[in-house]
Amino acid sequence: MLVAAVVGLGSSGLLSPWWSLFVYDVAQCLTALAATLACWITAGRHTGGQRWWRVWMGAATCGWMIGQILWSWYQLVRNVELPSPSLADAGYLMMPVFALVALIALAADRPTQGVPRHRPEQLVMVLDGLIVVGALFVLSWATTLSAVVRAGAATPLAYTVAIAYPLTDLLLTVIVILLIAAASSRAKRLQLIVLGAGLLCLAISDSIFAYRVSEGASSVPPLNYAGFVAGLALVTVAALAPARQTPGWAARPDTRWGQLLLPYVPVAGMGVLFIVQRVRGIPTDTVEIFIETTVITLLIIRQAVTLVQSANLVASRARLVLATDQTRRQLERDLHDGVQQRLISLALDVRRAETDVPPELTELRQQLSAVAAGLSATVNDVRELSRGVHPAILTQGGLRPALRALVRRCGVPVELDVRVDGRQPEPVEVATYYVVAEALTNAAKYSQATLVHVGVRVQGDYLHLSVRDDGVGGADPKRGTGLTGLADRVEALGGTLTLDSPTGQGTRLQAEFPLNQR
């Protein structure tokens, strides 16, 4: 309504040109002031990233307001039409600088409990934004922007200012899009959409404004002022919006390929442009060469950061697997040496008490016998439970006896071929055991197989495992978490897990583990 009122009044023809310009300028100053106050006042009610993005965004809108005041002074008091560059440009260009810091702070915002902050993720997001912006800028510069800027920029300073407006506006827009795509909650996504819409309105109006100035125009369309007013009003709404819907945080296990591949699409376009220019003999100017070099450098840095992240992730997964196995082993010992032994002792005490019962107390003797039998059954249950948590036979005897125990308990006939001499690294033995256990369980439940073959051999520096059956096939890891969890365990040790299960032709599961991991 505010935007419609401003545009309607300024464009109604009821006011003189000076008063129409006055209405537009006052509306922009007031909305900038409202956005600044909304950001800074609400910042005190929040903590973490939700506080700091408001602080920096308030500084951004305050800088923009200073630029608008200076610009209004030029237009309304000094009656100078669209000077460029001027002190007003310094105020306006504070907006994208502080807004970028605000967006980085908002990207770092996480729920206060249970979720660590990952600086590499923030760095990758900023690098993605810079890469996309640089590539898009090169495409825009080579097609239209270069001619427009060169036509209107009389001095190097004017040239720099003319480039700065579209470049910074494009950067903010891309960063907001990346943030919306990576938002972890609906409330935060809505907040980002409102903020992004405001920055987009400012970016569009800024770009039109910069082009008009570069072309030497004496005025801008009234609708362009509406973009400034609407953009600042939306920033105000985003600052007043609640921080998040719930304090919880939910992980997203699915890989977001669109977000991962986003930077490469405009870079590929930039490469195609470069090839076309070379083929057609079009010279490349200094600005284009500089931006292309910068984009390539940023892309290399992004790849390096991503590789470091991947290496750290693999290492953390390996540590998690080892810690989990250690915990399972300790739990098995506690069950075996603690609970199981205590139950056996109680069962013996009950048996002794049963023998001391006088013959005439038949009912009491039967009750004690039932209690002793129940305790013996419970001992068996605890023994099975401890074997499932972490098989003691694997720790004591190694793969061969542990796999034999698995085969004996399997409901399907199994051919076991273990060609392993001596003990192997404990994490490899444990992972091999659980892969075989999961494969045999699936074969017994789903495959309708009549025979399963399990083969284990050491060849060179690798342990090779193969489990195949003659069942109905059609196994799909996406239907459950068992095979997915096994794949994570195998890959955490530097190995590979493959599944081949054509319908009607049985299932073949293969794993390969390196034995010389350091």
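**Tyrosine pair**

I began at Tyr-433 and Tyr-434, and both are buried (under 20% relative accessible area; exposed is over 50%, partly exposed lies in between, with a 1.4 Å probe and protein chains only). I note that this is a predicted model, where local features need pLDDT of at least 70, side-chain atom pairs count only at pLDDT 80 or more, and totals for chains, interfaces and linings use all residues. Residues are numbered from 1 along each chain as its sequence is written, and side-chain values use heavy atoms, with hydrogens and water left out.

**Overall count**

I counted secondary structure next. The protein chain has 16 helices and five strands (DSSP runs numbered from the N terminus: helices are H or I with at least four residues, strands are E with at least two). Buried residues account for 45% of the 518 residues in the protein chain. I then looked at contacts (heavy atoms within 4.5 Å). Of those between residues at least 6 apart in sequence, 73% join residues at least 24 apart.

**Aromatic pairs**

I searched for ring pairs. Rings of Phe, Tyr and Trp (its six-membered ring) pair if their centres lie within 6.5 Å; planes under 30 degrees apart are stacked, over 60 edge-to-face, and the rest tilted. The count by this rule is four aromatic pairs. Trp-56 and Phe-98 are stacked, at 5.7 Å centre to centre with 20 degrees between the planes. Trp-56 is in helix H3 (residues 48-77) and Phe-98 in helix H4 (residues 87-107), so this pair ties together parts 42 residues apart in sequence. Trp-56 is partly exposed at 31% relative accessible area. Phe-98 is also partly exposed, at 23%. Back at the tyrosines, the ring centres of Tyr-433 and Tyr-434 are 5.4 Å apart and their planes stand at 85 degrees, so I log that pair as edge-to-face. Ring pairs also link Trp-64, Tyr-92 and Phe-228 into a cluster.

**Charges over rings**

I checked for charges over rings (NZ of Lys or CZ of Arg within 6 Å of the ring centre and within 35 degrees of the ring normal). Arg-51 has its charged end over the ring of Trp-52, 5.7 Å from the centre. Arg-278 lies over the face of Phe-274, 4.9 Å from the ring centre.

**Helix H10**

I compared helix length with expectation (1.5 Å times one less than the number of residues). H10 (residues 264-280) has 17 residues and should span 24 Å; its end C-alpha atoms are 24 Å apart, which agrees. Which residues of H10 are buried? They are Pro-266, Val-267, Met-270, Leu-273 and Gln-277. Down the axis of H10, the buried residues fall within an arc of 110 degrees, so they line one face of the helix. The arc is taken from the directions from the helix axis to the C-beta atoms. On the other side of H10, Val-265, Val-272, Ile-275 and Val-279 are exposed. Just after H10 comes Gly-281, with a positive phi of about 70 degrees.

**Helix H3 and positive phi**

The 30 residues of H3 should span 44 Å, and its end C-alpha atoms are 43 Å apart, which agrees. Asn-79 follows H3 and has a positive phi, near 60 degrees. I noted this since most residues other than glycine have a negative phi. Gln-448 is another non-glycine residue with a positive phi, near 60 degrees. Gln-448 lies in the loop between H15 and E2. At 66% relative accessibility, Gln-448 is exposed.

**Nonpolar cores**

I then traced the cores (buried Ala, Val, Leu, Ile, Met, Phe, Trp, Tyr and Cys residues joined through side-chain atoms within 4.5 Å). The largest has 39 residues, and Val-454 and Val-456 touch the most other members. Elements giving at least two residues each include helix H14 (399-409), strand E1 (414-419) and helix H15 (426-447). H15 supplies the largest share, 11 residues. Leaving out residues up to four places away in sequence, Val-454 touches Val-414, Leu-416, Val-436 and Leu-440, among others. Another core lies apart, with 36 residues, among them Trp-53, Cys-62, Trp-64 and Leu-192.

**Two last distances**

Gly-485 is in helix H16 and is partly exposed at 35% relative accessibility. Its C-alpha atom is 9.7 Å from that of Val-435, 50 residues away along the chain. Val-339 is in helix H11 (residues 286-355) and is partly exposed at 40%. Val-339 and Val-379 are 40 residues apart in sequence, with C-alpha atoms 8.6 Å apart.
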